[in-house]
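Subject: Structure for your review

Dear colleague,

My notes on it follow directly after.

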Amino acid sequence: MKKILSTFLFCILTGIICAENTNLVSEDPGFEQGTKYWYFMKPMEYTSFAKKGINGSNALEIQNLSGNPAKRGGLYRKGFVSVTAGKTYTFRVALKGNLTAGYASARINIFRKEGTKNKFLKTFETPRITGNPEKWTQLHCTFKVPDDGNLLHIELSSRNFCGTMLFDNASLEEEIGRA
């Protein structure tokens, strides 16, 4: 009986320690399917998909080469992602590029569903960067969903910018074992 109990406990602890997180933006995190799961911010002229991603895959490309800073360009995730109030999550995205003005970042907007409407609660944002044209930079933002939150919306954007920025490999994962 002791051997069965110790084996059972070992399996439970191993499962907790080795549990893999699930990417909650598993539909097209690398933008391979274009606008099927993402839609462009307006104005749309600064945003496209390009075969410039990690390993030659698609990436979101935000580009303004006019010399005059553009207010913003980027993508929104179509629809909302369901999350659990009080849980901790981490959003990650890879960026590469060179902005001569402005910055690029990812924003996570938290909402609470109220009947047929969604009430905005809070925004979390990754660090703002101007990019590195030579290598991919991994940005991340770890946040705790407010006690009354249950939905989130993802925004990938450059603001007040000139230059080019690429986004690739977006992921959102619940932090197992963290509240």
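In these notes, a residue is called buried when its relative accessible area is under 20%, exposed when that area is over 50%, and partly exposed in between. By that criterion, both Phe-124 and Phe-143 are buried. Please bear in mind throughout that this is a predicted model.

**Overall architecture**

The chain contains one helix and nine strands, in the order α-β-β-β-β-β-β-β-β-β along the sequence. Of its 179 residues, 43% count as buried. The exposed surface comes to about 9,800 Å², and carbon and sulfur atoms supply 54% of it. Among contacts with a separation of 6 or more, 78% are between residues 24 or more positions apart.

Strand 9 is largely enclosed by the rest of the structure, because 21 of its 24 residues are buried. Several strands pair with strand 9, as set out here:

- Strand 6 runs antiparallel to strand 9, with 20 bridges between them; Lys-96 has Leu-166 of strand 9 as its bridge partner.
- Strand 4 is joined to strand 9 by six bridges, again in the antiparallel sense; Gly-73 is bridged to Ser-158 of strand 9.
- Strand 3 is antiparallel to strand 9 and is joined to it by five bridges; Gln-63 has Thr-164 of strand 9 as its partner.
- Strand 5, residues 81-82, pairs antiparallel with strand 9 over two bridges; Ser-82 is bridged to Leu-151 of strand 9.

**The nonpolar core**

Which residues have the most contacts inside the largest nonpolar core? They are Phe-91, Val-93, Phe-143, Leu-152, Leu-156 and Phe-167, in a core of 33 residues. Strands 3, 4, 6, 8 and 9 each supply at least two residues of this core, and strand 6 gives the most, with nine. Leaving aside neighbours within four places in sequence, Val-93 is in contact with nearby chains of residues including Ala-106, Leu-139, Leu-156 and Phe-167.

**Aromatic pairs**

The count of aromatic pairs comes to nine. In one of them, the ring centres of Tyr-39 and Tyr-76 are 5.5 Å apart and the planes stand at 45°, so this pair is tilted. Tyr-39 belongs to strand 1 (residues 38-40) and Tyr-76 to strand 4 (residues 70-77), so the pair ties together parts that are 37 residues apart in sequence. Tyr-39 is partly exposed, with a relative accessible area of 34%, whereas Tyr-76 counts as buried at 15%.

Phe-124 and Phe-143 form a stacked pair, with 4.9 Å from centre to centre and 25° between the planes. Phe-124 lies in strand 7 (residues 117-125) and Phe-143 in strand 8 (residues 137-144), so this pair ties together parts that are 19 residues apart in sequence.

Phe-31, Trp-38, Phe-40 and Phe-49 form one aromatic cluster. Arg-77 lies over the face of Trp-38, at 4.8 Å from the ring centre.

**A buried arginine**

Is Arg-107 buried or exposed? Arg-107 has a relative accessibility of 18% and therefore counts as buried. This residue lies in strand 6 (residues 88-114). Not counting residues up to four places away in sequence, Arg-107 touches residues including Phe-124, Glu-125, Glu-155 and Arg-159.

Yours sincerely

Technical notes: Residues are numbered from 1 along each chain as its sequence is written. This is a predicted model: local features need pLDDT of at least 70, side-chain atom pairs count only at pLDDT 80 or more; totals for chains, interfaces and linings use all residues. Side-chain values use heavy atoms; hydrogens and water are left out. Helices (H or I, at least four residues) and strands (E, at least two) are DSSP runs, numbered from the N terminus. Buried means under 20% relative accessible area, exposed over 50%, partly exposed in between (1.4 Å probe, protein chains only). Contact means heavy atoms within 4.5 Å. Accessible areas come from the Shrake-Rupley method with a 1.4 Å probe; for residues, only the protein chains shown count as cover. Rings of Phe, Tyr and Trp (its six-membered ring) pair if their centres lie within 6.5 Å; planes under 30 degrees apart count as stacked, over 60 as edge-to-face and the rest as tilted. A charge sits over a ring if NZ of Lys or CZ of Arg is within 6 Å of the ring centre and within 35 degrees of the ring normal. A nonpolar core is a set of buried Ala, Val, Leu, Ile, Met, Phe, Trp, Tyr and Cys residues joined through side-chain atoms within 4.5 Å. Two strands pair if DSSP finds at least two bridges between them.
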